[in-house]
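Subject: Structure handover

Hello,

Here is the structure I promised to pass on. Please open it next to this message; my notes follow below.

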Amino acid sequence: MRLPSTPRCVLTGAGSGLGRAIALNLARRSADLLLSDVDEAGLAETAKLALAAGAKTARTMRCDVAKLDDVVALERASGGDVDLVVNNAGVSSGGLIGEAPMEDWRWTLEIDLFGVIHGCHVFVPRMRKQGHGNVLNRFRVISAAGLLAAPKMGAYNVAKAGVVALSETLRAELGGTKIGVTVLCPTFFQTNIANRGRFTDDKLRDMAVRLVDKGKSADDIAAAAIRSVEHDELYCVPMADGRWFWRLKRAAPGSYQALVGIIARRMNI
């Protein structure tokens, strides 16, 4: 759905990376921003940059999306109508199923999946009452994991697949309304999330960091995400590799699984 000239927007995970890039993209539209993260220093820097970029306002609030009460407080702090909610906060993890600690599974699912569930649970009823709005559910780096299910990323893949299913369900439930839903599914792009993630071995972490460093800029992904929101697109898959792998998986799932196995062996993952 088209955003108004001065949109009121709520973003989680806005302290750095893609969250900051989306905030700055919206700031150039004179947006009224409510920015949240657990990184309060990063939030303060994003707010400063957003105001310099043209934001009408840029308020900040600490919010741990894994805690429903924090998200409820964020909704209450947002004030009047909300034109766009960006459920962006997330983490990364990696390891073989059976080897990745259960603690890492819970950590990943609580933030990457339940963080998005909490955002939708709290903000969608408000949008129904106001009669309009947009929800942008975003994965973290290697976010097409929810579509492609790469090896050694079990917890991450499960969380991301859950976000895809949540977004598809929400889109169906909101059919015929003026509320849009978009799920952002990039592959690798430049961010620090791989350095901050939980991995069972350093080789897997180093590979993720190298791939991230070679990816597109967060600004490019932010621009693609907002375009998809305004064109009312359910799926935003901004990279060609993600689009081709997703097409192959849907058209020839057996061939896709064989190809993923070959790639994983060649990359020694």
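What share of the contacts in the protein with a separation of 6 or more comes from residues 24 or more positions apart? The figure is 73%. Bear in mind that this is a predicted model.

**Overall**

The protein has 269 residues, and 53% of them are buried. Its secondary structure consists of eleven helices and nine strands. The exposed surface comes to about 11,900 Å². Carbon and sulfur atoms supply 54% of that surface.

**The sheet**

Seven strands form an open sheet with parallel pairing. The order is β3-β2-β1-β4-β6-β7-β9. β3 (57-62) and β9 are the edge strands, and each pairs on one side only.

Strand β6 (residues 133-138) deserves a look. Six of its six residues are buried. Gly133, Val135 and Asn137 point one way from the strand. Asn134, Leu136 and Arg138 point the other way. Both sets are buried.

Four bridges join β4 to β6, and the two run parallel. Leu84 stands opposite Asn134 in this pairing, and Asn87 stands opposite Asn137. Towards strand β7 (residues 179-184) there are six bridges, again parallel. Here Arg138 has Leu184 as its bridge partner.

**The cores**

The largest nonpolar core has 32 residues. Leu11, Ile22, Leu26, Leu33, Leu35 and Leu84 have the most contacts inside it. Several elements each supply at least two of its residues: β1 (8-11), α1, β2, α2 (40-53), β4 (84-87) and α9. Nonpolar side chains tend to be buried together in soluble globular proteins.

What does Ile22 touch, leaving aside its neighbours within four places in sequence? The list is Leu11, Val86, Leu136, Ala222 and Ile226.

**Helices**

α6 covers residues 154-173.

Asp219 is in helix α9. Its relative accessible area is 46%, so Asp219 counts as partly exposed. The C-alpha atoms of Asp219 and Asn25 are separated by 7.7 Å. Along the chain, the two are 194 residues apart.

**Cysteines**

How many disulfides does the structure hold? The count is zero. Cys185 is in no disulfide. The nearest cysteine sulfur is that of Cys236, 7.7 Å away. A disulfide would need the two sulfur atoms within 2.5 Å. Cys185 has a relative accessible area of 1%, so it counts as buried. Cys9 is also buried, at 2%.

**Backbone points to check**

Most residues other than glycine have a negative phi.

Ser30 has a positive phi of about 60°, although it is not a glycine. Ser30 sits in the loop between α1 (17-27) and β2 (32-37). Its relative accessibility is 31%, so Ser30 counts as partly exposed.

Asp232 has a positive phi of about 55° and is not a glycine either. Asp232 lies in the loop between α9 (218-230) and β9 (235-236). At 28% relative accessibility, Asp232 is partly exposed.

Best wishes

Key: Residues numbered from 1 in each chain as written. Predicted model: local features only at pLDDT ≥ 70, side-chain atom pairs only at ≥ 80, totals over all residues. Heavy atoms only, no water. Buried < 20%, exposed > 50% of the residue type's maximum accessible area, 1.4 Å probe, protein only. Core = buried A, V, L, I, M, F, W, Y, C linked by side-chain atoms within 4.5 Å. Contact = heavy atoms within 4.5 Å. Areas by Shrake-Rupley, 256 points an atom, 1.4 Å probe, with all protein chains shown as cover. Expected span 1.5 Å × (residues − 1). Pairing = 2+ DSSP bridges.
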